There are 2 protein chains.
Amino acid sequence: MYTPLLQHIRKYVGLTDDEGMLICSKLKSLQFKKKEYLLTPGKICKANYFVSKGLLRLYIINQKGNEQITHFGLEGWWLTDFGSLDSKQPSRVYLQAVEDTEVIAWEPATQEELIHAIPQLDTYFRKVLQRAYAAAQRRIEFIYCYTDEERYRYFSTHFPGFIQRVPQYMLASYLGFTPQFLSKIRAKK
Amino acid sequence: MYTPLLQHIRKYVGLTDDEGMLICSKLKSLQFKKKEYLLTPGKICKANYFVSKGLLRLYIINQKGNEQITHFGLEGWWLTDFGSLDSKQPSRVYLQAVEDTEVIAWEPATQEELIHAIPQLDTYFRKVLQRAYAAAQRRIEFIYCYTDEERYRYFSTHFPGFIQRVPQYMLASYLGFTPQFLSKIRAKK
């Protein structure tokens, strides 16, 4: 269950077998059933989660009372509410398993301890965060500057597996339009 | 001119005077006049910029032909187009000085060289990126879930100096509404 994590780290930095074993011994692997929550509003986010199997979604309830999905986390992705995790303030978001999901939870104290023992993890997290930030920059650009249909076309070209896997109403929420509009675009194909 | 950068690094990690001098000797400080461009579409982004004085904005031209500002960079902030910087692909964005501005340019090769010599810079960049990513997460939440007026109220409460300093039409673009709407909200105060 730790293999996807170690593979992911080794894509960015070197890691000996001993270092890999140390990481596995310090971290908890957690299982969540479909629809189970890792975090709900009012609770303090406790960890950064690496998805080793399954799919997570992060959403908020908007002013109209609807679910607005802001992030997904597939296998090999990291997901958390950094705002709450860093500040130790209550979260405003829901973090939920879309499918039966297995995550590796990195609590801040354990992360610091592991980085101290394995300094190249600092490089790993820096590079992962840089990619995540680049994706967030692009997401903001998309929301403001692309039409609904262009956003859908971009995602279906660049992430076809993702588009197939995510329930249609969740994809519509993530892309910022109604399920009806999504059906219309798909019918046009 | 390097003082704000060294102070910023020291907020996150320790740094000896020798290490500070090494950083200053390796990095270029660049001056840009108001309205001058650091990056334009079609060019490859060369560096991550630390703003030591002045103000930068990052914008794109949207489908309607209007400027859409997606990020600002005030003193003590980092700003770049990571998508272009990481992939070495041409950028789609404009990075421009809003005022006469002084930046410290970190080119990737120099950054790696400095991190190799001063390993705690890895921690520094990880922490800075984590904050930037948290802010981007919050920004995405805001765009989707808050009304125009709520976004304005949040910014004027949390960043009053920023609201005062940025030209009104740029603030409207950043917050995603028209300058007319901004005048209306301000009049209501």
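How much area is buried between chain B and chain A, and what share of it do carbon and sulfur atoms give? In this predicted model, the area buried between chain B and chain A is about 3900 Å², and carbon and sulfur atoms account for 57% of that area. The contact involves 41 residues of chain B and 41 residues of chain A. On the side of chain B, Arg126(B), Tyr133(B) and Tyr144(B) supply 20% of the area that this chain buries against chain A, which is more than any other three residues. Six salt bridges are counted between chain B and chain A, and one salt bridge across the two chains is formed by the side chains of Asp122(B) and Arg126(A), with an N to O distance of 2.4 Å.

Within chain B, four strands form an open antiparallel sheet in the order E1-E8-E3-E6. Strand E1 (28-32) and E6 of chain B each have a single partner strand and therefore stand at the edges, so that one side of each is left without a neighbour in the sheet. The pairing of E1(B) with E8(B) is antiparallel and rests on five bridges, and in it Ser29(B) stands opposite Ile104(B) of E8(B).

A further antiparallel pairing in chain B joins strand E4 (residues 56-61) to E5(B) through six bridges, with Ile60(B) opposite Gln68(B) of E5(B). E4(B) and E5(B) make up a hairpin with five residues between them, and Gly65(B), which lies in the turn, has a positive phi of about 85 degrees. E5(B) itself is mostly covered, since six of its seven residues are buried.

Turning to the aromatic side chains, the count over all chains comes to 44 aromatic pairs.

| Pair | Arrangement | Centre to centre | Angle between planes |
|---|---|---|---|
| Trp77(B) and Phe162(B) | stacked | 6.4 Å | 20 degrees |
| Trp106(B) and Phe125(B) | edge-to-face | 5.1 Å | 80 degrees |

Trp77(B) counts as partly exposed because its relative accessibility is 36%, while Phe162(B), with a relative accessible area of 7%, is buried.

The edge-to-face pair of Trp106(B) and Phe125(B) likewise links distant parts of the chain, with Trp106(B) in strand E8 (residues 101-106) and Phe125(B) in helix H5 (residues 120-145) of chain B, 19 residues apart. Trp106(B) has a relative accessibility of 1% and therefore counts as buried, and Phe125(B), at 4% relative accessibility, counts as buried too.

In chain A, one aromatic cluster is formed by Phe72(A), Trp77(A), Phe142(A), Tyr146(A), Tyr154(A), Phe155(A), Phe159(A), Phe162(A) and Tyr174(A). Tyr174(A), a member of that cluster, also has the charged end of Arg139(A) sitting over its ring, 3.9 Å from the ring centre. In chain B, the charged end of Arg139(B) sits over the ring of Tyr174(B), at 3.9 Å from its centre.

Methods: Residues are numbered from 1 along each chain as its sequence is written. Chains are lettered from A and ligands numbered from 1 in the order in which they are written. This is a predicted model: local features need pLDDT of at least 70, side-chain atom pairs count only at pLDDT 80 or more; totals for chains, interfaces and linings use all residues. Side-chain values use heavy atoms; hydrogens and water are left out. Rings of Phe, Tyr and Trp (its six-membered ring) pair if their centres lie within 6.5 Å; planes under 30 degrees apart count as stacked, over 60 as edge-to-face and the rest as tilted. Buried means under 20% relative accessible area, exposed over 50%, partly exposed in between (1.4 Å probe, protein chains only). Helices (H or I, at least four residues) and strands (E, at least two) are DSSP runs, numbered from the N terminus. A charge sits over a ring if NZ of Lys or CZ of Arg is within 6 Å of the ring centre and within 35 degrees of the ring normal. Two strands pair if DSSP finds at least two bridges between them. Contact means heavy atoms within 4.5 Å. Buried area is the accessible area (1.4 Å probe) that two parts lose on being put together, summed over both. A salt bridge is a side-chain nitrogen of Lys or Arg within 4 Å of a carboxyl oxygen of Asp or Glu.
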